[in-house]
Amino acid sequence: FSKASDYNNLVYKNCSSQTLAGSNESHSKSLHSLFQELVPQSSKSKFFKATAGDDPSAAVSGFFQCRGDLSNKDCFDCVNTLPDLSNSLCNKAVAGRIQLHGCYFYYETDEFIVDDETSKHDLIHKVCGQKAKDSSFEGQRDKAFETMESGVIDGKGFYSGDYESVHAMAQCEGDLIDCDCGECVSNAVQIAQEECVGSVSGQIYLDRCFISYSYFPHGSGPSGASGNSDNKKSSGGDSNTGKTVAIVLGGVAALALGFIFLSFLRSCGDKDSIW
């Protein structure tokens, strides 16, 4: 969880191994035009998609997304750092993703060949924190995950809240429908449980969503963790303040919540993303 000063720090880059042949002048112009459309939108929106380029063979499509708890100013400041980073980190790549703590950018050109065998929920990046002296906190973490899995759907793709001493956050790509969002977050939770065993914090980034959690054994509040008192707001505009923060579930209630979420996923069936 980042303070405002950390929003622009790089988490990871993911650049396509496919690169442009020869000069990339047309691609650079298209990418520049794309950013000219995206950056102004970041002062009033947390998610925006666009396509740029007069030459069909060099057209570039892309989008940015800011974390749901960022202010409009913080979102703009974060997205405004992405053009230079994209040019330096993914030069000549026909597709790329630049993930910062507060926002990320994805683009692809018409030359990009998508691997149909790649799952939309594949793990892109993970960060597992230091190991705890004992794993007793994982019970709290798993209850926080259960609340988060339900809350991210209620919050229209964004959730930030507490269960006892664990703060959890989740966000789905801006145009992902509820069923796909729930499935993606559920997959990320399973990966966190398998990959970050015993870790007091973790970040799991999939292709269409991310989750993170932190354990505060001394009861530190989430506002201290994120540096933002508005971090309970959903990207859909619904405030979870007071609801997600103060939720304390008993063992029976938490178990029921898990079954409710599984039932929701089953009701979704195998619907495809609208992406």
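The model is predicted, so local features need pLDDT of at least 70 and side-chain atom pairs count only at pLDDT 80 or more, while totals for chains, interfaces and linings use all residues. Residues are numbered from 1 along each chain as its sequence is written, and side-chain values use heavy atoms, with hydrogens and water left out.

**The sheet**
- Five strands form an open sheet in the order 6-9-10-8-7 with antiparallel pairing, where strands are DSSP E runs of at least two residues, numbered from the N terminus, and two strands pair if DSSP finds at least two bridges between them.
- Strand 6 (123-128) and strand 7 are at the edges with a single partner strand each, so one side of each has no neighbour in the sheet.
- Strand 6 and strand 9 (residues 201-206) run antiparallel and are joined by five bridges, and L123 stands opposite L206 in strand 9.

**Residue S160**
- S160 lies in strand 7 (residues 158-163), and S160 counts as buried because its relative accessibility is 0%, buried meaning under 20% relative accessible area with a 1.4 Å probe and protein chains only.

**The helix pair**
- The axes of helix 1 (residues 25-41) and helix 3 (residues 82-89) come within 10 Å and cross at roughly 155°, with axes fitted to C-alpha atoms over the stretch in contact and angles running from 0 to 180 degrees between N-to-C directions; helices are DSSP H or I runs of at least four residues.
- That makes helix 1 roughly antiparallel to helix 3, a term for angles over 145 degrees.

Notes:
Buried < 20%, exposed > 50% of the residue type's maximum accessible area, 1.4 Å probe, protein only. Parallel < 35°, antiparallel > 145°, perpendicular 65-115°, else oblique.
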